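Me: I am new to this structure. Please show me how to read its features, one at a time.

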Amino acid sequence: MHPILDKLQNEIRDSLSGLSAEQTQLRPLTDPAKWSIQQVMEHLLLTYRSSCAVVEGRVAKGTPTKASPDMRQRVAQFAVFQCGYFPTGRRAPAMVTPPDAGEAVAGEVLAVRAAELLERFDRLTAEMEGLFGRKRAISHGVLGPLGAQQWRRFQLMHGQHHLRQVCAIRAAHGLSRGSDRQG
């Protein structure tokens with residue numbers, strides 16, 4: 001697996017380590033209307049599925065997008081990829097908004113689901129890179145056309161943004177992460 005996606009997979013596993021299905025239903029104490037841990041992860045899983053479908057479609061076409069980033073997208077790409085800034089406060093698009101209720105799932109199960117999708121995404125981006133090299137091959141809804149490496153980096157930064165939320169919920173409820181435990 002590409003090191004960027006491997007890092008993300010490890011951070012997901014660590015963030016969800018030891019959480020029961022009941023604990024993944026916990027929400028921020030400061031705003032119980034915000035997503036639960038499971039909803040945060042369901043959002044990430046939806047984005048991974050969506051990204052896989054988009055990459056798969058572009059690879060099947062065999063040609064990179066002809067779109068070029070506009071000035072706003074170039075500024076956003078610079079902020080995200082060069083400065084490491086990931087904006088907060090955006091509402092998730094409907095297609096990647098998790099449902100309010102569903103079957104409660106343990107952290108380990110969510111981590112396995114994420115690992116499976118990230119492995120698929122890794123295979124697809126490697127194929128995309130093989131076909132298109134470093135070209136901006138596929139457009140992101142906000143950032144515009146991105147290459148394979150940018151797509152990987154986006155997944156890492158987006159995932160880390162949401163994993164900070166998971167860790168904050170854990171901390172607020174007194175649940176330490178696997179890496180936080182003293183042995």
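Me: Within what distance do the axes of α2 and α5 come, and at what angle do they cross?

Reply: First, the ground rules. This is a predicted model, where local features need pLDDT of at least 70, side-chain atom pairs count only at pLDDT 80 or more, and totals for chains, interfaces and linings use all residues. Residues are numbered from 1 along each chain as its sequence is written, and side-chain values use heavy atoms, with hydrogens and water left out. Helices (H or I, at least four residues) and strands (E, at least two) are DSSP runs, numbered from the N terminus. Axes are lines fitted to C-alpha atoms, for helices over the stretch in contact, and angles run from 0 to 180 degrees between N-to-C directions. Here the axes of α2 and α5 come within 9 Å and cross at roughly 170°. That makes α2 roughly antiparallel to α5 (under 35 degrees is roughly parallel, over 145 roughly antiparallel, 65 to 115 roughly perpendicular, the rest oblique).

Me: Which residues of α2 meet α5?

Reply: Contact means heavy atoms within 4.5 Å. From α2 come I37, V40, M41, H43, L44, T47, Y48 and S51. Their partners in α5 include W151, Q155, H158 and R170. By class, this contact has nine nonpolar, eight polar and one charged residues. Ala, Val, Leu, Ile, Met, Phe, Trp, Tyr, Cys and Pro count as nonpolar, Asp, Glu, Lys and Arg as charged, and the others, Gly among them, as polar.

Me: How do α4 and α5 cross, and which residues make the contact?

Reply: The axes of helix α4 (residues 107-132) and α5 come within 9 Å and cross at roughly 155°. That makes α4 roughly antiparallel to α5. F121, T125, A126, M128 and E129 of α4 touch A148, Q149, W151, R152 and Q155 of α5. The classes are five nonpolar, three polar and two charged.

Me: What lines the largest pocket?

Reply: Rolling a probe the size of a water molecule over the atoms shows where empty space is left. On a 1 Å grid over the protein atoms alone, a pocket is an open set of points where a 1.4 Å probe fits, with protein on both sides within 12 Å along at least five of seven lines; lining residues have an atom within 4 Å of a point. The largest pocket is lined by 45 residues, with H43, R90, R91, A92 and H158 nearest its centre. The largest share, 10 residues, comes from α5. The lining divides into 24 nonpolar, 16 polar and five charged residues.

Me: Which residues line the second largest pocket?

Reply: They are E129, G133, R134, R136, G147, A148, Q149 and Q150. The largest share, three residues, comes from α5.
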